Amino acid sequence: MENLIDYSAAAQTGSILEHVIYIFLSLGGSTFAYWRKSLTFSAALGAFFLGVALYLAGGPLFFILLMVFFLSSTFLSHFKASIKDPVEARIHAKSGPRDIVQVGANGGAALIMAVPFAISQNPAYLVAVAASFAACNADTWASEIGILSRKAPVSLITFKPVSPGLSGGVSPLGLMASLGGSVVVALTYGLYQLAAGNSGELLWMQIGIITLGGVLGSILDSLMGAAIQAKYISHETGELTEKPDDNNKPNQLYSGITFVNNDFVNFASSLLAAALVLIFVQLK
């Protein structure tokens, strides 16, 4: 896999002007997200540093992948929000603007894979970083679009119907959205490499591996969401929820492990998908 791509990190060879441009792009993106109330202030600050760190580690490619994930997920979070917001507020432990923990949960795996690339320049890590973003994008698209499905989702563990929006549930619409989210990141990677002069069968293999890795990450997210993510019985409604308390009164644990919340599952599934892709690519 070492010869798969002839690529050197642009951040190590780019001009000072290029560095300044990408730093300001990161600042502009995080500021816009804060202004749009998509991120809290601390999350916007974290997103800015994440963008800069990814750029310094892997050049424009890593930054562009981050932006594709961020922009598409932000757009979908506002899509038909009037329908989704009441459901999410009732079920999800967090609603409204994303906080800094959610930023880390969605970008942490990519950063973990980006650091060894910056050190070793092993191109296998390029595919792993892309796969981590594909997994996050696939899961976000599945959640934001799948919740609108007219057909009730089913648990990946019991295959019984579950409430829309509850972690661990999947629907045909959500699965198609998951594939779409993964393909968008994989094609972004491919277009960047084509623009950089890389092409051929091996690049198509990478695009396919990234796509499959993203879908795998989304499925792992659903499996962990169904099997080990904490779910509670709301003392107010008697329904299943992911909120450990309602109005500062604790809810009864129904299943899962208390410290395993949606952020934990998002981070773990994207990291595991990236790691599996990295191992596969290294063995090829």
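Rings of Phe, Tyr and Trp (for Trp, its six-membered ring) pair if their centres lie within 6.5 Å; planes under 30 degrees apart count as stacked, over 60 as edge-to-face and the rest as tilted. By this rule Tyr-22, Tyr-55 and Phe-63 form one aromatic cluster.

This is a predicted model, in which local features need pLDDT of at least 70 and side-chain atom pairs count only at pLDDT 80 or more, while totals for chains, interfaces and linings use all residues. Residues are numbered from 1 along each chain as its sequence is written, and side-chain values use heavy atoms, without hydrogens and water.

The structure holds 9 aromatic pairs. One of them, between Tyr-22 and Tyr-55, is stacked. It joins two helices (DSSP runs of H or I, at least four residues, numbered from the N terminus), and its partners lie 33 residues apart. Both tyrosines are buried, meaning under 20% relative accessible area with a 1.4 Å probe, protein chains only.

| Pair | Geometry | Values |
|---|---|---|
| Tyr-22 and Tyr-55 | centre to centre; between the planes | 4.7 Å; 10° |
| α2 and α3 | distance between axes; packing angle | 9 Å; about 155° |

Axes are lines fitted to C-alpha atoms over the stretch in contact, with angles from 0 to 180 degrees between N-to-C directions. The α2 and α3 packing angle is about 155°. Helix α2 is therefore roughly antiparallel to α3, a label for angles over 145 degrees.

Residues of α2 that meet α3 include Tyr-22, Ile-23 and Leu-27, and those of α3 include Phe-48, Val-52 and Tyr-55; contact means heavy atoms within 4.5 Å. Among the buried residues of α3 are Phe-48, Val-52 and Tyr-55.

Technical notes: Buried < 20%, exposed > 50% of the residue type's maximum accessible area, 1.4 Å probe, protein only. Parallel < 35°, antiparallel > 145°, perpendicular 65-115°, else oblique.
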